[in-house]
Amino acid sequence: VPIGNVTNGVHLPTWLNGDIATIYDQYLQPDWRDHHADPKTWELVKEVPEGELWEARRHRKRMLVQFVRERVAQQLIAKKASAVEVRRVHDLLDPDVFTIGFARRFATYKRATLFFRDVTRLKRILLNPKMPVQVLYAGKSHPRDHGGKVLIREIYQMTRDPELSKRIVFLEDYSIEVAREMVQGVDLWMNNPRRGEEACGTSGMKAGMNGVLNLSVLDGWFDEAYEGSGCWAIGDRDPYSEDQDDIHANAIYSLLENEIVPMYYERKDESYPEEWLRRMKQCLTSLSPQFNCTRMLQEYDVQLYD
């Protein structure tokens with residue numbers, strides 16, 4: 001029996017934020033919603049003014065920061081936290097700071113705490129006065145997955161570090177609502193599982209369709225998407241071995257320090273980062289037609305059910 005494969009896709013109209021959809025209404029063909037699996041539909045993304053695209057991204061991040069503050073405040077009030085703790089919520093995150101998102105099921109193979117492998121170096125990145133960085137975490141573990149619960153506990157402990165309390169946030173009660181706000185509002189989507197154990201994954205697809213660049217291990221869907229996506233890869237296509245934990249953590253730090261964060265903050269004559277916007281357009285053009293569920297269903301129809 002021949003065995004083939006069909007890569008997952010996500011429902012683009014559901015996950016695309018309204019600001020970018022409005023831009024598409026203005027610059028793409030009027031029927032773009034009906035033809036989003038056609039690569040030709042996305043060729044006109046190059047016509048979108050960079051300034052408008054940048055303002056749309058900034059608006060979504062402001063909305064995300066407000067969402068996070070309100071949600072954390074509600075959680076603290078439910079836990080009967082002190083008024084002082086609740087007031088501190090207004091200092092969480094900064095809409096002008098480069099923001100990394102990490103949200104998924106907390107299975108141990110996804111290495112959720114890989115980012116904390118060198119805390120000293122991490123603090124240099126997050127607390128850089130000229131190019132600060134902040135990280136937003138969310139997700140759940142299986143009730144019987146003790147290892148996953150330990151990972152969440154470790155991240156929560158990092159949020160209690162006085163130096164990092166405004167730069168690392170963990171959102172409780174992960175849901176579709178939380179996922180939508182995150183994939184639409186962060187600047188960079190991070191995914192660092194052990195290579196060879198990721199089935200496909202779809203959160204990075206949702207982020208990419210909103211102009212959020214990916215920083216990911218070459219596994220699952222991203223192994224197919226990386227070339228031409230405008231995004232960054234962690235490591236190579238080697239089978240996983242334990243020594244890769246240190247190698248991949250160092251790769252993440254190095255990419256952030258030397259390429260990703262400086263690119264985001266680079267401003268020349270314009271009020272937006274030109275190279276970052278170029279990569280955003282490349283990401284939108286590359287991922288939008290390829291990783292939506294319309295393409296997925298068409299492939300099932302032609303390859304498996306015809």
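Colleague: Let me start with the rings. How many aromatic pairs does the structure hold?

Modeller: This is a predicted model, in which local features need pLDDT of at least 70 and side-chain atom pairs count only at pLDDT 80 or more, while totals for chains, interfaces and linings use all residues. Residues are numbered from 1 along each chain as its sequence is written, and side-chain values use heavy atoms, with hydrogens and water left out. Rings of Phe, Tyr and Trp (its six-membered ring) pair if their centres lie within 6.5 Å, and planes under 30 degrees apart count as stacked, over 60 as edge-to-face and the rest as tilted. By that rule, the number of aromatic pairs is 19.

Colleague: Take W32 and W42, then. Is the pair stacked, tilted or edge-to-face?

Modeller: The ring centres of W32 and W42 are 6.2 Å apart. Their planes meet at 70 degrees, so the pair is edge-to-face.

Colleague: Where in the chain do W32 and W42 lie?

Modeller: Helices (H or I, at least four residues) and strands (E, at least two) are DSSP runs, numbered from the N terminus. W32 and W42 are ten residues apart, and each sits in the loop between helix 2 (18-27) and helix 3 (50-78).

Colleague: And are W32 and W42 buried or exposed?

Modeller: Buried means under 20% relative accessible area, exposed over 50%, and partly exposed in between (1.4 Å probe, protein chains only). On that scale, W32 and W42 are both buried.

Colleague: What about F116 and Y137: stacked, tilted or edge-to-face?

Modeller: The centres of the F116 and Y137 rings are 5.8 Å apart. Their planes are at 50 degrees, so the pair is tilted.

Colleague: Which elements does the pair of F116 and Y137 link?

Modeller: Here the partners are 21 residues apart, and both are buried. F116 is in the loop between strand 1 (98-103) and helix 5 (119-126), while Y137 belongs to strand 2 (residues 133-138).

Colleague: Which residues form one aromatic cluster with F116 and Y137?

Modeller: F116 and Y137 are members of one aromatic cluster.

Colleague: On to charges. How many salt bridges are there?

Modeller: Side chains of opposite charge can pair when their charged atoms come close. A salt bridge here is a side-chain nitrogen of Lys or Arg within 4 Å of a carboxyl oxygen of Asp or Glu. The count of salt bridges is 22.

Colleague: How far apart in the chain are D19 and R60, which form a salt bridge?

Modeller: The closest N and O atoms of D19 and R60 are 2.8 Å apart. D19 is in helix 2 and R60 in helix 3, a sequence separation of 41 residues.

Colleague: Which residue meets R111 in a salt bridge?

Modeller: The N to O distance in this bridge is 2.8 Å. It joins R111, in the loop between strand 1 and helix 5, to a residue of helix 10, 134 residues apart.

Colleague: Why does K80 count as exposed?

Modeller: K80, in the loop between helix 3 and helix 4 (83-88), has a phi near 60 degrees, also a positive value in a residue other than glycine. K80 counts as exposed because its relative accessibility is 74%.

Colleague: Which residues are linked in a network of salt bridges with R237?

Modeller: R237 and E227 meet in a salt bridge of 3.2 Å, N to O. R237 lies in the loop between strand 6 (232-234) and helix 10 and E227 in the loop between helix 9 (221-225) and strand 6, so the bridge ties together parts ten residues apart in sequence. The network around R237 takes in E227, R195 and D223.

Colleague: One last distance. How far apart in space are Q303 and N5?

Modeller: Q303 is in helix 12 (residues 293-305) and is partly exposed, with 49% relative accessibility. Q303 and N5 are 298 residues apart in sequence. In space, their C-alpha to C-alpha distance is 8.9 Å.
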